[in-house]
Amino acid sequence: MTEHVQGGKVRTRYIATQGVKEYRATIDEYVKPDDIVLEVGCEWGTTTVLLAEQCREVIGVDIGKEPIERARERHPGIRFEQMDAYDMRAILTLGRRFTKVYVDLSGLSGYHSLLDLLSLLNMYTAVLRPDVIVVKSSALKRLAQRCIAWQQPARRRA
Ligand SMILES: C[S@@+](CC[C@H](N)C(=O)[O-])C[C@H]1O[C@@H](n2cnc3c(N)ncnc32)[C@H](O)[C@@H]1O
């Protein structure tokens with residue numbers, strides 16, 4: 001049983017980061033040599049190439065035509081595709097069982113985009129079932145810092 005499936009349920013963990021430095025710093029911590037990684041919002045592939053150094057395979061996708069053309073020119077050994085991160089059908093055509101997903105979409109850091117981000121995370125969790133999703137979003141990081149998963153304390157013995 002892989003670590004992200006317990007009792008038949010997906011246990012995808014979400015890592016919320018603020019800024020590109022933190023986003024990239026997670027690579028050493030979470031990406032392993034056997035991983036197949038998807039980066040959505042790869043732009044010119046600057047993070048994708050760092051991911052490629054640490055995993056079996058990485059695919060970078062971006063909605064922009066120019067970023068993808070530039071990423072392909074700069075990093076010819078890496079696969080880059082132009083697609084919308086919210087277009088799950090397109091993502092599925094990549095045909096991989098992604099174990100880690102990196103999300104860095106412009107406009108997703110603000111408080112008002114939290115609902116969009118949560119629905120994206122929900123969709124990726126349900127369909128791709130990765131172990132970990134790393135997100136660059138200061139709003140999500142702030143929310144995570146304020147959340148506590150309530151657990152009933154164990155009953156005190158008399
Ligand atoms: C901050 S840049 C990414 C930087 C890159 N991850 C890095 O580390 O160098 C954000 C990217 O998100 C892309 N983007 C925005 N909305 C998107 C969407 N719906 N689907 C895919 N890419 C999107 C933009 O085109 C832009 O290139």
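The model is a predicted one, and the values below are computed from it. The chain has 6 helices and 8 strands, and 6 of the strands form an open sheet with parallel pairing.

**Overall fold**

- Read from the N terminus, the elements of the chain follow the order β-β-β-α-β-α-β-α-β-α-β-α-β-α.
- The radius of gyration of the chain is 17 Å, which is close to the 15 Å that the globule rule gives for 158 residues, so the chain is as compact as a globular protein of that length.
- Taken along the principal axes, the box filled by the C-alpha atoms of the chain is roughly 70 × 35 × 30 Å.
- Of the 158 residues of the chain, 30% count as buried.
- When contacts between residues at least 6 apart in sequence are considered, 60% of them join residues that are at least 24 apart.

**The sheet and its strands**

- Strands of a sheet pair through backbone hydrogen bonds, and this pairing can be either parallel or antiparallel.
- In this chain the sheet is open and its pairing is parallel, with the strands in the order β3-β8-β7-β4-β5-β6.
- The edges of the sheet are formed by β3 (13-17) and β6 (79-82), each of which pairs on one side only.
- On average, and with direction ignored, neighbouring strands of this sheet are turned by 15 degrees against each other.
- β3 and β8 run parallel and are joined by 5 bridges, and alanine 16 stands opposite valine 135 in β8.
- β7 and β8 also pair in the parallel sense, over 4 bridges, and valine 134 in β8 is the bridge partner of tyrosine 102.
- β4 and strand β5 (residues 57-62) run parallel with 5 bridges between them, and leucine 38 has isoleucine 59 in β5 as its bridge partner.

**How β8 is covered**

- β8 is mostly covered, since 5 of its 5 residues are buried.
- In a regular strand the side chains alternate between the two faces of the sheet.
- Both faces of β8 are covered, with Val132, Val134 and Lys136 buried on one side, and Ile133 and Val135 buried on the other.
- Helix α5 lies across β3, β7 (100-103) and β8, and α5 runs at about 160 degrees to β8.

**Around the ligand**

- There are 17 residues around the ligand, and the ones that come nearest are Gly41, Glu43, Thr47, Ala85 and Asp104.
- The shell of residues around the ligand divides into 8 nonpolar, 5 polar and 4 charged.
- Glutamate 43, one of the residues that come nearest to the ligand, is placed in the loop between β4 (36-40) and α2 (46-52).

**Two residues with positive phi**

- Glutamate 43 has a phi near 50 degrees, which is a positive value in a residue other than glycine.
- Arginine 129 is not a glycine either, and its phi is positive at about 50 degrees.
- The place of arginine 129 is the loop between α5 (114-128) and β8 (132-136), and this residue is partly exposed, with 16 other C-beta atoms within 10 Å.

**Glutamine 82 and isoleucine 68**

- Glutamine 82 lies in strand β6, while isoleucine 68 lies in helix α3 (residues 65-74).
- Although these two residues are 14 residues apart in sequence, glutamine 82 and isoleucine 68 are 6.1 Å apart in space, C-alpha to C-alpha.
- Glutamine 82 is partly exposed, with 16 other C-beta atoms within 10 Å, but isoleucine 68 counts as buried because it has 21 C-beta neighbours inside 10 Å.
- Neighbours within four places in sequence set aside, glutamine 82 is in contact with Asp62, Lys65 and Ile68.
- With residues up to four places away in sequence not counted, isoleucine 68 touches Asp62, Phe80, Glu81 and Gln82.
- Isoleucine 68 and proline 33 are 35 residues apart in sequence, and the distance between them in space is 25 Å, C-alpha to C-alpha.

Conventions
Residues numbered from 1 in each chain as written. Predicted model: local features only at pLDDT ≥ 70, side-chain atom pairs only at ≥ 80, totals over all residues. Near = placed C-beta within 6 Å. Nonpolar A, V, L, I, M, F, W, Y, C, P; charged D, E, K, R; others polar. Helix = DSSP H or I, 4+ residues; strand = E, 2+ residues; numbered from the N terminus. Buried ≥ 20, exposed ≤ 12 C-beta atoms within 10 Å, placed from the backbone. Rg over C-alpha atoms; globule rule 2.2 N^0.38 Å. Contact = placed C-beta atoms within 7 Å. Pairing = 2+ DSSP bridges. Axes fitted to C-alpha atoms, helices over the stretch in contact; angles between N-to-C directions.
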